[in-house]
Amino acid sequence: MTTAIPARALPGPMREHLTGVDRRMGEAASARPRQRLVVVGNGMAGMRTVEELLKLDASVYDITVFGAEPHGNYNRILLSPLLAGEKRLDDIMLHPHAWYAANGITLHAGDPIVAIDRTRRIVISRSGRKAAYDRLLLATGSRPFVIPVPGADLPGVVAFRAIEDVEAMLTAARTRRKAVVIGGGLLGLEAAHGLKRRGMDVTVVHVMDRLMERQLDAPAAALLREALERRGIRVLLKADTAAILGRDRVAGLRFKDGREIEADLVVMAVGIRPNVELARQAGLYCERAIVVDDTLQTLSDPRIYAVGECVQHRKATFGLVAPIWEQARVCAAHLAGYGHRRFVQTATATQLKVSGIDVFSAGEFGGGDGTEDLVFRDARRGTYKRLVLKDGCLVGAVLYGDVGDGAWYFELMRRRADVSRLRSRLVFGRAFCADAP
Amino acid sequence: MSAPVRTTCPYCGTGCGVVARVAADGIAIAGDAAHPANAGRLCVKGSALGETLVPDGRLLYPKLRGADGTLQRTSWDTALDHVAGALRRIIDTHGPDAVAWYVSGQLLTEDYYVANKLVKGYVGTANIDTNSRLCMASAVAGHQRAFGEDIVPVSYEDLEQADLVVLVGSNTAWCHPVLYQRIVAAKAQRPQMKIVVVDPRRTATTDIADLHLPLRPGTDVWLFNGLLAFLHQHGVVDPAFVERHTVGVARALAVADATAGSVRAVASACRIDTSALTEFYRLFARTERVVTAFSMGVNQSSAGTDKVNSIINCHLLTGRIGKPGMGPFSLTGQPNAMGGREVGGLATMLAAHLGLDDARHRALVQRFWNSPRIPTRPGLKAVELFDAIDDGRVKAVWIMATNPVVSLPDADKVKRALKKCELVVVSDVIEHTDTTAYAHVLLPALAWGEKDGTVTNSERRISRQRAFLPAPGEARPDWWMLAEVGKRWGYAEAFRYTGPHQIFDEHARLTAFGNTDDEVPRYLDLAGLVGMDRAAYDALAPVCWPVAAGQAGSRPLRPFADGRFYTPERKARFVPTPPRAPVHACDDDYPLVLNTGRVRDHWHTMTRTGLSPRLATHIAEPYVDLHPQDALLCGVREGELAWVSTRWGRLVARVRSSGELPRRSVFVPIHWNAQYASDARVGALCNPVVDPVSGEPEFKHTPVRVEPFAVRWHGFLLSRTPVPMQTLTWWTRVTGARFVRYELAGREPVDDWAACARDMLGVGDADADWIEYEDRSVGVFRAAWIVDGRIAACLFVSPRPDLPSRAWLSGLFVKERLDDRDRIGLLVGEPPDRDADTGPTVCACFGVGRHAIVGAIHGGCRTVEALGQRLRCGTNCGSCIPELRALIASTREPA
């Protein structure tokens with residue numbers, strides 16, 4: 001087979017040709033008895049993999065999906081607009097129950113897997129349901145990190161992870177006034193925005209000296225803070241939570257410096273932890289997450305694959321959607337028996353999904369030795385752009401206010417394009433670089 | 001709109017008629033179709049006259065320098081009392097030669113007449129010279145030597161009727177554009193008409209040349225001596241004319257033969273190709289109707305007068321003078337250089353073409369004026385005059401309508417001299433010039449459009465300059481100020497003028513006074529214009545002199561048509577002209593030759609043209625033009641800055657290699673000065689050598705060195721209001737439409753450009769609408785300041801002169817409101833490409849805009865997946881998919 005070359009590296013016509021070959025091989029495979037694929041986790045990563053697999057060859061597997069949540073698969077990224085009231089539940093559903101039926105997939109929603117018996121190749125669900133597999137796909141995702149402080153388990157303390165969390169927040173918004181979001185990162189700010197839109201009095205508390213410090217430099221973070229404050233969201237920086245106060249229910253927060261604030265609702269948005277307990281129990285090799293190779297196969301068991309936030313590839317874990325989509329594509333190809341793709345980590349870009357506040361960040365925006373900065377500021381328009389160059393290539397970008405060219409910058413970074421010729425115009429965007437590479 | 005007023009353009013010596021109309025939204029300027037000089041044509045400078053009639057910078061009130069050294073407003077009475085008193089004291093103590101006037105070809109004939117009368121007849125000194133000394137004194141001297149009187153024997157029609165026009169040392173296309181257009185039109189009509197341009201530079205004028213002779217600077221006399229010898233050798237002589245109407249031919253021929261007897265020797269001396277030179281000589285020899293028109297390239301030389309006579313000699317030998325379509329023709333530079341000569345505005349003349357050195361002439365004038373005294377010897381010529389101020393012989397000077405700190409050679413010496421001078425009176429229309437900085441008294445004069453009188457152009461045509469604007473502030477006519485001083489000295493009778501018509505009448509009467517063959521015959525005769533009252537004067541149509549009276553019509557309208565000249569023997573004189581090289585030769589230290597001159601769209605020291613945005617666009621900055629190979633040898637690069645140094649001074653200018661210059665020559669324009677640039681007065685560089693006869697400086701030949709002027713950064717600033725520039729290393733100011741542009745360069749490193757820029761523009765408010773871009777590691781900085789939605793200023797800085805075009809940015813200043821596209825392009829210097837506008841963003845993840853998506857749908861993408869494959873939209877977070885679906889649904893298939 002000629003597929004040692006990654007197909008997407010081939011020019012269009014050749015790729016068509018290759019796909020044709022693949023299809024014929026798929027037909028040949030369908031002559032064999034169908035194998036059983038069990039997917040643990042009914043989230044975006046798992047379902048995307050199933051989708052990709054169906055696109056490649058729907059005849060290889062009988063597919064069974066177990067999910068902890070009672071819903072079909074929904075777009076978790078859009079929980080923020082759901083909270084803010086900018087989207088409805090229907091808008092964010094990717095795969096309703098009917099879709100599973102239509103594709104011949106058995107879905108067990110609201111019934112998480114609690115054990116894997118690798119010897120017998122079966123999984124066991126909380127309700128006691130057992131399912132045998134020929135291939136097992138772990139897509140257990142992650143869970144929000146809860147900071148270990150007194151009061152963290154009080155009623156009124158919620159995470160921002162699932163539809164249930166959004167429902168809890170919406171309930172609180174109807175009956176309570178003061179919301180505190182712990183965590184000034186992407187998710188925390190989106191939660192704060194949503195709660196503000198729902199009429200709550202919102203304070204973001206963040207342990208660092210600037211918001212979104214992993215994505216923004218100081219000037220952009222300052223602009224972001226100003227924009228949030230203009231919308232009535234209070235921001236407390238260098239605020240390290242010591243305890244969540246309250247007896248039956250959350251009533252406030254105390255910081256390590258002794259300051260206290262009131263709170264009727266506390267949203268924890270300080271990060272996620274990969275869900276690896278199931279894999280560990282099954283004896284799969286895990287470090288921070290389930291370790292997989294370039295084909296998304298677990299290191300311990302060739303029948304078991306893993307994708308999404310529960311995965312560790314080389315030293316990295318994943319929280320953004322773009323690399324996970326790529327994992328899904330690669331994993332599906334291997335499950336389908338094509339084996340011609342390899343997962344390669346690429347730089348990722350971040351955008352804040354708070355309507356009216358446009359933030360984009362990618363790459364080594366922090367600068368450092370041998371880097372050069374191009375900086376643009378238009379304070380009245382609330383625009384700030386910083387591009388970081390190294391050896392004639394774009395290696396980082398922070399955009400605030402005008403993010404229209406973010407994707408283009410990201411593409412230039414990904415391709416390591418030589419931008420020296422565009423240097424004097426680069427920061428002004430693609431419209432001024434008509435003959436851009 | 002007011003009634004149209006017919007007047008005359010205040011720029012070059014062409015003397016074009018202008019029709020001005022005052023309208024609500026400005027002044028409409030058009031060419032006067034009825035004026036014989038231009039028949040309705042105007043050049044770009046003339047057309048832009050309306051833009052120069054702005055109040056900016058006008059001197060509106062008399063000012064006296066107070067004890068604290070500042071100029072304070074005062075009344076006319078106080079100012080004139082001061083001037084009259086101070087001059088009187090100096091004259092009484094040190095004699096009349098201790099005071100001097102330095103006047104200008106910008107003055108009207110009437111102003112000139114009163115100045116000359118006051119100085120020569122009442123102060124009793126001939127120390128009144130004019131900036132015409134810098135311009136055509138050599139032509140005057142040449143005319144006087146050959147013809148016995150300063151007579152220009154050719155008219156513009158002769159230029160059109162000639163079969164050969166030789167343009168010598170004249171960039172006619174730029175300096176006399178309308179005249180040039182007349183030649184172009186004549187040549188188009190008669191293609192057999194030939195044009196030869198003799199000029200070291202390949203100027204715009206050479207465009208129509210059949211032959212260009214790029215002679216080595218300063219070798220014109222070799223060229224025309226060679227022509228004289230060639231004509232003689234080939235028998236191209238009018239023996240009857242030479243015999244009956246000339247003297248001195250043998251001596252002139254002997255000198256020509258001895259110095260330029262062979263074409264090859266001349267070709268070598270002039271560094272011209274022998275065949276081209278022969279072609280010129282043959283063309284001249286075989287063409288009867290030939291006009292040799294010359295300008296500053298001839299006059300501004302230490303051999304200027306000889307150059308003029310070497311040209312005239314050729315016309316005398318062939319008898320090609322005094323007949324249609326032929327003759328030597330001095331194209332004057334200024335609007336009224338000729339008028340000034342007519343009333344004796346030079347230190348070497350008396351009045352009405354009468355001389356200082358002839359007792360009969362002096363007696364005639366003194367009798368006419370009934371004046372207490374008359375000088376018996378010539379006064380100080382311009383360069384000598386400032387030397388005399390410098391060494392203390394002259395203790396007071398009244399400078400009128402000119403800017404000697406810029407325009408004289410060795411101009412830094414002029415500064416030093418004025419600094420020492422006891423009394424400096426300056427009458428001008430502009431308050432701040434390089435010269436008014438040294439004034440003790442400033443007198444506000446009327447400007448063009450306000451003043452009223454006559455001027456005479458290059459073809460002896462007297463035209464009225466008429467007022468169509470009221471006098472601003474307390475500005476007054478120059479003649480009035482002079483007359484007031486005369487009255488304060490007790491000469492009320494002699495200076496009792498109520499208007500320019502009375503002065504003109506007196507001048508006309510003087511030209512006719514004793515103008516008979518028995519007394520002192522002169523060709524200049526305005527007898528026919530005597531006795532005009534105000535109405536007749538106002539109605540005066542353009543007229544060439546002589547204007548004989550009804551019965552006394554003894555002078556033909558075409559000079560020398562009757563074979564009569566105005567030397568004592570009534571014959572034209574051949575003047576032997578042994579060629580001389582320019583006084584200062586090049587050497588290792590100063591290896592190149594500095595040539596100076598005008599650019600197309602500026603005039604003199606820019607006090608007027610500098611106000612016009614339109615005129616600033618042609619050539620915005622002072623430059624030094626040189627051959628690319630010389631640039632290479634000097635280590636300078638086109639577009640960068642260079643030191644241009646001579647033994648007398650130096651300046652900094654932008655390097656260009658236009659291709660016009662031959663090797664070993666550089667050209668720097670004359671216009672820029674301290675009001676418009678930090679360091680660009682070419683006068684400071686020019687050697688002060690003058691022609692021994694005419695006293696005209698050698699502006700066209702100073703040994704010079706060009707070296708790189710290293711700077712750390714280049715920049716430009718466009719600002720709605722002027723910005724102080726003193727502290728910067730190098731700057732040029734350019735007038736724009738509703739903004740001022742500064743080209744900048746700096747030697748000091750700037751650590752914090754943002755702070756420096758805000759400081760420079762005076763933007764203290766931290767919340768000001770301020771946009772900036774910085775590429776710190778290479779030293780690029782750009783900022784724009786917006787006030788009330790309009791651009792207030794923008795600054796661009798780069799370590800190299802690779803800054804974006806100023807054109808689009810300049811256009812933003814006329815906009816009442818910047819739109820989004822303007823704002824986006826502001827710091828790029830150009831608007832975004834319209835095609836690149838993909839519309840409002842739909843897919844934020846991949847930055848895909850609505851226009852791009854609709855385009856792709858039209859292109860066949862009818863599903864979300866297809867759009868995703870084509871544009872990647874919707875393939876990441878997917879939140880735009882509903883919008884993509886809606887777009888697909890709402891976008892109809894293309895018809």
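View 1. Chain A splits into domain 1 (33-143 + 272-335), domain 2 (157-268) and domain 3 (358-432), with bounds taken from an automatic or database domain assignment. Residues count from 1 along each chain as its sequence is written, while chains are lettered from A and ligands numbered from 1 in the order in which they are written. Since the model is predicted, local features need pLDDT of at least 70 and side-chain atom pairs count only at pLDDT 80 or more, but totals for chains, interfaces and linings use all residues.

**View 2. The side of chain A that touches chain B.** Here 30 residues from chain A meet 26 residues from chain B (contact: C-beta atoms, placed from the backbone, within 7 Å). The largest share of chain A's side, seven residues, comes from β26(A). Helices (H or I, at least four residues) and strands (E, at least two) are DSSP runs, numbered from the N terminus.

**View 3. Strand β26(A) alongside β30(B).** Five bridges join β26(A) to strand β30 (residues 769-775) of chain B, and the two run antiparallel (strands pair if DSSP finds at least two bridges between them). A:L374 has B:D775 as its bridge partner in β30(B).

**View 4. Around B:L744.** You'll find B:L744 in strand β29 (residues 739-746) of chain B. B:L744 counts as buried because it has 23 C-beta neighbours inside 10 Å (buried: 20 or more other C-beta atoms within 10 Å, with C-beta atoms placed from the backbone). Beyond neighbours within four places in sequence, its contacts include B:F716 and B:W730. The C-alpha atoms of B:L744 and B:W730 are 5.7 Å apart, with the two residues 14 apart along the chain.

Key. A residue is buried if 20 or more other C-beta atoms lie within 10 Å of its own, exposed if 12 or fewer, and partly exposed in between; C-beta atoms are placed from the backbone. Two residues are in contact if their C-beta atoms, placed from the backbone, lie within 7 Å.
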